[in-house]
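Good morning, everyone, and thank you for making the time.

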Amino acid sequence: MNQTNYLLDLIHTRQALVGIIGLGYVGLPLAREFLKAGFPVLGFDIDEKKVQMLQRGESYIKHVEGSFLLEKVKSEKLKATNDYDRLEEADALVICVPTPLGKHREPDLSYVLNTTREIAKRLRKGQVVVLESTTYPGTTDEEMLPILEESGLKVGEDFFLGYSPEREDPGNKNFSTGTIPKVVSGITENCLQVVKALYDQVVVQTVPVSSTRVAEATKILENTYRAVNIALVNELKMVFERMGIDVWEVIEAAKTKPFGFQAFYPGPGLGGHCIPIDPFYLTWKAKEYDIHTRFIELAGQINTNMPYYVVEKTIRALNERGVPIKGARILIVGVAYKPDVDDDRESPAFVIMELLERAGAVVDYHDPHIPRLRLGRRCRVTKESVPLSEQTLGGYHCVVVVTDHSAVDYSLLREKAMLVVDTRNALGVMGVKNGNVVKA
């Protein structure tokens, strides 16, 4: 049997069972798109709580509707499990697991490689495996392919392997998983044909490239571009501050130029699942070729330093008002890594909170989208969000705006907070004029 044609037929008729491994902020929205297109979906996750919630048709991600999931569970189109023995049931296996950094900023591919080994144990003819997790160029062909070929099956004939980088932007009202063009690649021509056909069913446009390495490098470029430009405006913010110039006003003026300029904005540090991490995957891999990516490393140094800059500004602003940092009560506003989402991965808020507490401050937080903090890779504390009111504000010496959620009443902060350290220009110029707002 020609496995390519067999699998293409299953895909085009939308009878292929799609297995999605890792049901987080990438995997669950992707599952929704395949379900919307009529595919049956089998989700895999090692987090038993997520599996149980999906089995009940409940969503744990704000922008994925629970009512839709419940409908698909009832119709038996959506199933979830933590039983890897069921991997062989799926015709398409899409890997959406984390790719964090280790203690020394080295790539941690343990989730990807462990998942690949589990697939290899059960790999059968007629399956396609696609990696979506961000990684360095060479991961798919150098790391995954040898593991999968230990099964004795031949890539491009018996099974198919490709890479298609995720392009999720949680909270973006203009673009969702299905409306963002998707880069696709394969180890062989047959692999590319199958991977492209799979995503053609669920996204507005596929962009085929010549190799998995090109696709992997594309994702790295996209996020390195953002990391470097954010580092630039973060550095300019500190330079312009010394000159008495408001960087936010400068950016607003500069972006009126209709060509040759794209606005990036400074902040308290980088957060999310991509920008703080992805460039260092390339930095690590480049050393294999005797190249030191000094530009990327410098940008990383600047961005990593921003939480320290925010804390220094906060301590200085408190001292100027006669309040020592030891014993000061500080409220962090916003712990999500970006506005209006419930995603706190790699949020700079955690570093800022830790530094303030290490200096002796008593720190609470308010976030309308994250009611409680749980221990994680970056979060080392358990806390619950406190309400934001005139009464609660009276109990804090300082409020630090880390994430500019639209649901926050900034006029209340401007009028009632003793001191606001604004890292996002959320209060504009009026608070500065009032004298209780310091931009950081």
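The second largest pocket in this predicted model is lined by 33 residues, and those that lie nearest its centre are D169, R226, I230, I275 and K338. The space in this second largest pocket comes to about 1,200 Å³, and helix 8 supplies the largest share of its lining, with 6 residues. If we sort that lining by class, we find 15 nonpolar, 8 polar and 10 charged residues.

Let us turn now to the largest pocket, which has a volume of about 1,600 Å³. Its lining is made of 50 residues, and G24, Y25, D47, K50 and R345 are the closest to its centre. Two or more residues of this lining come from each of helix 3, helix 5 and strand 11, with helix 5 giving the most, 5 residues. By class, the lining of the largest pocket divides into 22 nonpolar, 12 polar and 16 charged residues.

What about cavities: how many are there of 30 Å³ or more? The count comes to 1, and the largest cavity has a volume of about 100 Å³. Among the residues that line this cavity are V26, L30, E132 and R167, and the lining as a whole has 6 nonpolar, 1 polar and 5 charged residues.

Finally, the surface: V239, M243, I245 and V250 together make a nonpolar patch of about 320 Å². Of these, V239 sits in helix 8, which runs over residues 212–243, and V239 counts as partly exposed because its relative accessibility is 37%.

Key: Residues numbered from 1 in each chain as written. Predicted model: local features only at pLDDT ≥ 70, side-chain atom pairs only at ≥ 80, totals over all residues. Heavy atoms only, no water. Patch = residues over 30% accessible without salt bridge, like charges linked within 9 Å, V, L, I, M, F, W, Y side chains within 5 Å. Areas by Shrake-Rupley, 256 points an atom, 1.4 Å probe, with all protein chains shown as cover. Salt bridge = Lys/Arg side-chain N within 4 Å of Asp/Glu carboxyl O. Helix = DSSP H or I, 4+ residues; strand = E, 2+ residues; numbered from the N terminus. Buried < 20%, exposed > 50% of the residue type's maximum accessible area, 1.4 Å probe, protein only. 1 Å grid on protein atoms, 1.4 Å probe; cavity = no way out; pocket = protein on both sides within 12 Å on 5 of 7 lines; lining within 4 Å. Points joined across faces, edges and corners; volume = space filled by probe spheres on them. Nonpolar A, V, L, I, M, F, W, Y, C, P; charged D, E, K, R; others polar.
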